[in-house]
Amino acid sequence: MTWLNSHPLTFLVFAPTILGFVILALPHVLGRLSRLLGFMGALAFFVLSLSWLLGHHGGGAGFTERAPWFTLVGLPVDYALTVDGLNLWLVILTTFLVPLTMLGTWNSLKDRLGTFAALFLLLETGMLGALMAQDLFFFYLFWEAMLIPMYFMIGVWGGDERRYAANKFFLYTLSGSLLWLVALLYLANKAGGFNPVLMGQAASMLPFSVQCWLFIAFAVAFAIKVPLFPLHTWLPDAHVQAPTAGSVILAGVLLKLGGYGFIRFAIPMFPQASMHYAKPLAILSVIAIVYGALVAMVQRDIKKLVAYSSVSHMGFVMLGLASFTVIGTQGAILQMLNHGISTGALFLLVGMLYDRAHTRMIADFGGVALKMPVFTTFFFIVTLSSIGLPLTNGFVGEFWILNGTFLSGFSWGRLYASLATSGVLLGAVYMLWMFKRVFWGPENKDEDSGTHHLHSDLNAREVAVMLPIVVLILWMGVHPRTFVAVSEAPVVALLQDAKAPVPRTFVLKPAVHEASAAEGATHAPGATETLAEPAAHEVHR
Amino acid sequence: MNDYYWLIPILPLLGSAFNGLLGKRAGKGAVTFVGVGVVFGSLLLALSAFFAMKALPDHRLALNYGEWMSTGSLNVPFGLVMDTLSGTMMLIVTGIGALIHLYSVGYMHEDEGYARFFSYMNLFVFFMLTLVMGSSLVLMFVGWEGVGLCSYLLIGYFMETDFAPDAGLKAFLTNRVGDLGVAIGMMVFFAAFGTLTISDILTQAGHLAPEVGFGVLTFATLMFFVGATGKSAQLPLYLWLPDAMAGPTPVSALIHAATMVTSGIYMICRLAPVFTLTPITMDVVAWVGAATALFAATIGLVQRDIKRVLAYSTVSQLGYMFLGLGASGFAAGFFHVFTHAWFKALLFLGAGSVIHAMHHEQDLFKMGGLRAKMPITFWTMLVATLAIIGFPGTSGFASKDEILYLAYLKNPALWVIGLLAACCTAFYMLRLFTLTFLGKARDHHAYDHAHESPTSMTLTLTLLAVGSLLAVWLGWPKAFGGDFRIEEWLAPAVTYGQLHAVHGEHGSHQLAWVLASASTLLGLSFAAWGYFSYKDGLAVSEARAAKFPILHKLLLNKYYVDEGVELYMLRPIRWFGNLLWKLFDVILIDGVGVNLPGALTRVFGDFTALFQTGRVRNYALSMVLGAAVLLYVFLK
C-alpha cells in the first residue's frame, strides 16, 4: 500500500493496461466474462480516481510523480505524471466515460467482446497517460499510443466503410504528429531534455520566427485532434464508421486532448508566438463554429449530424483559448468537459436508437416520442445541453467563451464574438430541426421505417447510463464552479505569462477588468469615462 | 418571511418536477393538486413579498443566494430583486398564472397528457418568475430562454400532429434570433460597465450624461430591442406568434397573451434608465411598435380562425406597448401590459370556452348565436371586447389613451398610425364578437351540442372580467381627473440610479381631451361598422371582399411574409449548407486535400513497384546501367 500511496497516478495510468492484458489472456469463449471484468475494472478505476484525486486534492497543489527514466541520444527523458487544476476534471471525465460507455454499449457488439474490452482499457491508459504526462517525450508516446486501439476499434468493429475511416483517422493524425515530432526533437536538443519548462525557456531564447515555426508545428498536431477547420474531415468519417463506444470516447476524450495540448504545452511554451497567432486561430475557430453548424444542418444521418456539431462546439473551445482572457479560457476548459458529456451522451443515445432500428437516417423516423417516451426525454435534455440552454452546462461554457472573446484586448474580439453567437442560433436550428423530424409528428407507419422497428423503450441499464449524465448536465449548469474552481489559479498564471510581453491596446474598458482581475485588484469605478473614446464606436463594424 | 421568498420561483419548479417525473403514476387528482397548488402557493408568497417590499422606504427588496457562474472578473450570483416593477410583474405572472392553471383543470381534463401539460405550465411559471425577479441580466436571460423553451414545448404539445411541431420549432428558432441580440447586448454591457448586475448597470448609467458612450450604448440597447422583437413578436420577428396558437388555448392565454410575450416590454422597462440615454433606440422602438400595431391589426381584419384573430390582435397590442415605451412612457407602456394581461387572457379563455363547447371548432364562420347557450362566456367576453377597443371608462381605454397621447407628443404621425390601428382593432373585435355570439347559428350540428363550460372555467372567466374592470383603478389618466398612480408607483424602478430624472413633455389637458374624443369617436364608429357588417351573417362581408379581391387576398395570406421567408431566407441557407458540405468538405478539403495525396502516393508506389520484378536479370541490368553511369561521371 505504501507504493500505492506514493504512486497513485502510475496505478491509474497502467492498471487498465494490466487488466487489458489479463483479459486478452482469457480464452475467447469467456467473452461475456471478459466484458464484465473490463467493466468492473473500469468502474473501480473511476471510483479510485474520484476518491484519490478529489479526496486529496485539497489546496490545488495536485499530484506529481517524477523520476529520471532513460536517455535518448544524450537527452534525458523523465517519467513524469501530474494531476493539477488544468487536467483534474479531464482525467475524471475519462475514467467516468470509460465504464459508462461500456455499460451503455453492453449489447451493441456481438463478437470478440473480450478483445474489445481489452482495447478499451489500453485506450484508457493512452488517454490518461497523455493527460497526465509532464515530459514531452513521454507525452508523445501516449499521444501516439492512443491511436492504435482506436484504429482497431474503428477498423474491426466499425460500419461498412470502416477500413477507409480507420486508415484516414490514423494517417491524418499521424501526419500532424510527425511534423510535431521534428519540432519536439529540435527544441529538446536546444533545451537538453524534454522537460516542458526547460523547453519553454529554451524556446524563449530562440529568434521569434523560429518560435513561430515551432508553435505552428505544435498547433497543427493539436488542431488536427480538436479538430479545427480545415483539418476536421477525418472526424465525420471516423465517427460515422466507429462503433458507438468508439464514437463516445473519440468525442468525449480524444478531441479534448487537442485543446488540452494548447493549454498545457503550446501556449505556455510559446507565449509570444501563441499571442501572435491568436487571430488566425480565432478566425479558424469562428469558421469552424459557423461552418460546422451549417454542414450539420443539412446532414441526413443523425450520427453525422452529431459529428459535425462536434466541429462547431470544439470551435468554441478554440475561440475561448484564442481570447487569452481568464473568462474565455475557463469557458474553454468547461466547454471541453461539456462537450465530453453532451456529445458523448448524444452518441450513446444515437447508438441506442440504432441498436433498435438499424438505421440512423433522419428521414426513416418520425413520431419516435410516441413509441419511446423515456428515450425521448433523455434525448431532449441532452439536446438542450447541446444547444446551450441556460441552467444546462452548455450555456455556461459558451457564455464565458463569448464574453471572454468580446472583451479580449484584441481588436477583433468584439466582432468575432458577435459572429460566433450565430453558432448558438445555428446549433438550435440543426438540433431542434432534427429533433422535430425524428421524435415529433405523426408516427412513421412505413414498414421499412426506423420508427416501425422500435419495440421497446429504454431498459433499466440504459436509464442507469443516462441518469448520471443528466445529473451532470444540470450540476454543471447550476454550479459550474465545482468543475472550474481548480483551474482558475493555473489559468490566471498561464495568461499572465502569455500576456506579459505583448503591448496591448484597450478600446472599451473591458480588458482593464481582465487585467485587474488577474492581479487581484478591484476594478476602478471611474472607468466609465472611457466610453467616450472615439474608438469605442468600432463596436458597430 | 424573507427566508422563504426564494420559494416563489422554486415552488413551481418543484411542481413541474413532480408532475413530470411522477405525475402519470400519481393520478390526475395529485397532478391537479400539485400543479395548481404550487402556483397558488407562489401567489400567496408573492403577495407577502409584495407588501413587505411596499413597506420598505425605497420599495426595493434584494435577496442573494450565492454564486452561480462567476469566473475571472465576471460575477453572477443567484439573486432576486423585488421592486415596484418586478413586484408588480411578479403578481401579474402568479395571479393570472394561477387563474389560468385553474381554468386548465377543466379545459384539459380529458387530455391524455394531463400531467405533462401541468409539468410544462409549472416550468413556465418558474422561468417567467426568474426572468422577472432575476437580479442580473444573466439570470434574466435564464428566464428569457427558459420561457422560450416552455413556449416551444407547449406549442408543440400536440406532437402527433403535423402542424404543432412545426409551429413549436418556428417559435423557438425565431425567438433565438432575438436571443442572440440579448446575448450580444449583454456582452456589450459587460464590456462597458464591467458587470451584469442590473442595479449596478443602472447606477453607472444614471451617472452618464446622454451623449456619453452614445455609440456603444445605442448599439447595445438596439441589440436588446432585437431580443424584445423576438420574444414580444414585433416586426420583423413576429411570425412565430400566430402559429403559436397550435398549442392548447390556456397556453395561448398565459404565455402568448398575458405574460411571456410582454417580457420584451418588461425588459425595456427594467433597463429604462439606459434606454433613456439612447434617443435613437427610443425612436426605433416607437416606430417599430407603431408599425407592428397597424400591420398586425390589418391582418386580423380578415382571419377566420378565432384564435388567429386574437393572435394578431396580441401582436398589435404589443406594438402599442412598444409605442408607449418609445414615447418615453414607460409607465404607460407597462400599464398597457397590465390591463392587456387581464382582458387578453380573458379573450383567449373565452375563446377557449367557445372552442371547448363547439368540439374544437375554431372557425368563426361556423359559429354564431352562442349568446343563449353560453351566457357567462358571452358577458365576460363582452367586458373584454369593450376593454380592448378602448370603450370609455374601461381599463383598455385608460392605457391605450395614455399611449396615444404620448405618441402624439413625440410625433403626430405616430398618433395617426396608432389611431388607424385602433380603428382596425375595433372593427375586427366586433366582427369576432358578433360572429361568435350574435346572429344565427351557421353550423347547427355543433350549435346543438354547445353548452356552457364547467365551473373551473367560468369562475376563471368571471374573475378575469372583474380584474379587467378594476384594472383601471391603477391608472386613470390625469387629463380625465385621475391620478395615473402607476407612474408614481413605478418611478423608483424605471428611474433607478438616475441622478436627474428625465421628465417627458406634457401637453395640456385640453389637447388630451381633443385627442381622446377623436380616437374614441372614430374607434366606436369602426366598432359599429364591424357590428353591422356581421350581424346578419356573412353576405355583407363577402360582397366587400369581392370588391377588393387583391387586397383581401393579400390580407388573408398575411402579406405572404411566411412564403417570402421560406423562399428568400431559409431555402438559400439550406442550399448554402449543402454547398459547404458537398463542395467544400467532400470535394475540396477531403478530395483534393486528403484523398488526392493519398491516391498519388498509392499510384507512385504502384509505379515503383513495377521495378521490383524479382527477376535477377532485371536487377543485373540495373546494376550494369548504374555502373556505366558512375563510370561516366567519375572518368569524364
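Here are a few notes on two contact regions in this predicted model.

1. A word on conventions. Residues are numbered from 1 along each chain as its sequence is written, and chains are lettered from A and ligands numbered from 1 in the order in which they are written. Because this is a predicted model, local features need pLDDT of at least 70 and side-chain atom pairs count only at pLDDT 80 or more, while totals for chains, interfaces and linings use all residues.

2. In chain B, 36 residues of domain 1 are in contact with 49 residues of domain 2 (contact: C-beta atoms, placed from the backbone, lie within 7 Å). On the domain 1 side, β2 (77-83), α4 (84-107) and α5 (114-133) of chain B each supply at least two residues, and α4(B) gives the most, with 15 residues. Helices (H or I, at least four residues) and strands (E, at least two) are DSSP runs, numbered from the N terminus.

3. That domain 1 side of chain B has 21 nonpolar, twelve polar and three charged residues. Here Ala, Val, Leu, Ile, Met, Phe, Trp, Tyr, Cys and Pro count as nonpolar, Asp, Glu, Lys and Arg as charged, and the others, Gly among them, as polar.

4. Now to the contact between the chains, which takes 55 residues from chain A and 47 residues from chain B. Elements giving two or more residues to the chain A side include α14 (278-297), α16 (326-357) and α22 (481-499) of chain A. The most come from α20(A), with eleven residues. By class, this side of chain A has 36 nonpolar, 14 polar and five charged residues.

Terms used:
Two residues are in contact if their C-beta atoms, placed from the backbone, lie within 7 Å.
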